[in-house]
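Subject: Structure for your review

Dear colleague,

Please find below the structure that I am handing over to you. My findings follow it, arranged by topic.

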Amino acid sequence: KLMKGVCIECGCTDDDCQQCIEKIGHPCHWVEPDLCSACKYGVSSLINHKSSKMKFTTETNTLKEALQRLGFAINNKSVVPALGCILVTVTKEEVLLTTTDLLVTINYRVECKTDGEGQFLLPFTHLKNIVALETGTVLIEYLGDKKGAIAKFDEDVFSLGAHGAATDFPKLSSIPKKGMLYMNNEFITALKMAAIGVSKDESKPVCHNICIELNKNGVTVTSTDTFTIYTHKIDSELAVDEKTELLIPSVVAKVLDGFDSAKIGFNKQHMAFESGPVLVTCKRAEGVFPAWRNVMPAHDSNLNIKIDDLKAAVEKAYIMSDSTYNGIDFLIKETQVELKTDVQDTGMGSSCKIPAVSQSSINHLRLPGRFLKRLITQLETQTESDGDICLSIQSEKKITARVFGKSNITILLVPISKN
């Protein structure tokens, strides 16, 4: 467990920093074991005693990186205009940029030269479009509630206008700082691959999330769209008192993508993910994740194919597959697999043969092309280009796939009926 205690200045705790939220408009975070960010940077009175003018200067590339991640919590369609804006908190030593869609909140800290203290709103979409066209340094200056903000680059100046008061930005929930758990790069990759496989079916909202199971021996990351299941087990000693299941929005994986590690904190209602300058908080999703272990068959490999061979063949067959299911027939022999498509309505089709080693008693499967492409994407990050994908074909109703020599990642794929 990391960083837990009581702030020596204001008394906020791991479980409750509501008083800091009321003072500065957003949750604080630990900057020292016994000192929160609100007290460290002296921002406890920013809302009531903000400077009439504020500004900060940073590199354009730094701001581009921040906006790319902050955009995952922007809701331009909301009837609340502030949800399409960035809340900017200027302090003596840094700028905190915050966006929220009320489900997910993203904080991005930028250490830079600042002048003045306080909070104001910036229009996300216009700022992102402007910054994408610029290079060098950028000065963001707030000129007051009526004039709003301007963005100055080497030669160009843009007026960003006024977009309401900082107090219009939603009050955010307390960050769960208690019991932060360290996760390595393998966890970040597992989240990214699991996010590819979440459901988009509105009738199955719980499957829109990634399931994270924590216990003292490690973490298991799982996603499903009910046609496929992706699961990745990571062995690690965690300071967890009891088995815990967390359901997180898949967008969290997108925000953390590219970082080498992360810390997780959670309480009964919320979760926090911290990595580098980014802190993502979200509500713990309600509902019960499907009991995926009950339908996952034992994996016993009986068909091995080079991942590059399979990827190339699937890409070719997919082009000529039917548009409804993208069905690709696998005609399996001892030393090769033929990937075949035949669209009866148009007379179009294809045949691609690739080397394989098979001990399967089943010689014909019809697999959904779009799910095959996803499966390859999820597994190819775990092997070299000449590595093998090992399929376990025990029936025509379920197959599982793994990378050769690795048993911690398993994908279940349901074939299409040949009738």
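What percentage of the 419 residues in the chain do buried residues make up? The share is 52%. Please keep in mind throughout that this is a predicted model.

Overall picture

The chain holds eight helices and 28 strands. Taken along the principal axes, its C-alpha atoms fill a box of roughly 75 × 50 × 40 Å. When contacts between residues at least 6 apart in sequence are considered, 65% of them join residues at least 24 apart.

Helices α3 and α4

Helix α3 covers residues 60-70 and helix α4 covers residues 124-131. Their axes come within 10 Å and cross at roughly 140 degrees. Angles over 145 degrees would count as roughly antiparallel, so α3 and α4 are oblique to each other. The crossing of these two helices is left-handed. On the α3 side, the contact is made by Thr60, Leu63, Lys64, Leu67 and Leu70, and on the α4 side by Phe124, Leu127, Lys128 and Val131.

Helices α7 and α8

How do the axes of helix α7 (residues 307-319) and α8 cross, and at roughly what angle? They come within 10 Å of each other, and the angle is roughly 155 degrees. Because angles over 145 degrees count as roughly antiparallel, that description applies to α7 and α8. Their crossing is left-handed. Residues of α7 that take part are Ile307, Leu310, Lys311, Val314, Glu315 and Tyr318; they meet Gly369, Arg370, Leu372, Lys373, Ile376, Leu379 and Glu380 of α8.

The length of α8 can also be checked: at 1.5 Å a residue, its twelve residues should span 16 Å, and its end C-alpha atoms are 16 Å apart, which agrees. The buried residues of α8 include Phe371, Leu375 and Gln378.

Threonine 383 is found in the loop between α8 and β26. Leaving aside residues up to four places away in sequence, threonine 383 touches Ile307, Asp388 and Val403. The C-alpha atoms of threonine 383 and glutamate 186 are 13 Å apart, although 197 residues separate the two along the chain.

Helix α5

The twelve residues of α5 (residues 185-196) should span 16 Å at 1.5 Å a residue; the end C-alpha atoms are 17 Å apart, which agrees. Among the buried residues of α5 are Phe187, Ile188, Leu191 and Met193.

Threonine 91 sits in the loop between β4 and β5. With a relative accessibility of 4%, threonine 91 counts as buried, because the cut-off for buried is under 20%. Its side chain reaches the backbone oxygen of glutamate 94 at 2.9 Å.

Most residues other than glycine have a negative phi. Against that background, two residues deserve a look. Leucine 102, in the loop between β5 and β6, has a positive phi near 80 degrees. Threonine 226, in the loop between β14 and β15, has a positive phi near 75 degrees. Is threonine 226 buried or partly exposed? At 39% relative accessibility, threonine 226 counts as partly exposed, because that class lies between the cut-offs of 20% and 50%.

Yours sincerely,
A colleague

Definitions and conventions
Residues are numbered from 1 along each chain as its sequence is written. This is a predicted model: local features need pLDDT of at least 70, side-chain atom pairs count only at pLDDT 80 or more; totals for chains, interfaces and linings use all residues. Side-chain values use heavy atoms; hydrogens and water are left out. Helices (H or I, at least four residues) and strands (E, at least two) are DSSP runs, numbered from the N terminus. The expected span of a helix is 1.5 Å times one less than its number of residues. Buried means under 20% relative accessible area, exposed over 50%, partly exposed in between (1.4 Å probe, protein chains only). Axes are lines fitted to C-alpha atoms, for helices over the stretch in contact, and angles run from 0 to 180 degrees between N-to-C directions. Angles under 35 degrees count as roughly parallel, over 145 as roughly antiparallel, 65 to 115 as roughly perpendicular and the rest as oblique. A crossing is left-handed if the near helix is turned anticlockwise from the far one by less than a right angle, and right-handed if clockwise. Contact means heavy atoms within 4.5 Å. A polar contact is a pair of N or O atoms within 3.5 Å; within protein, one must be able to donate a hydrogen and the other to accept it, and residues adjacent in sequence count only if both atoms are side-chain atoms.
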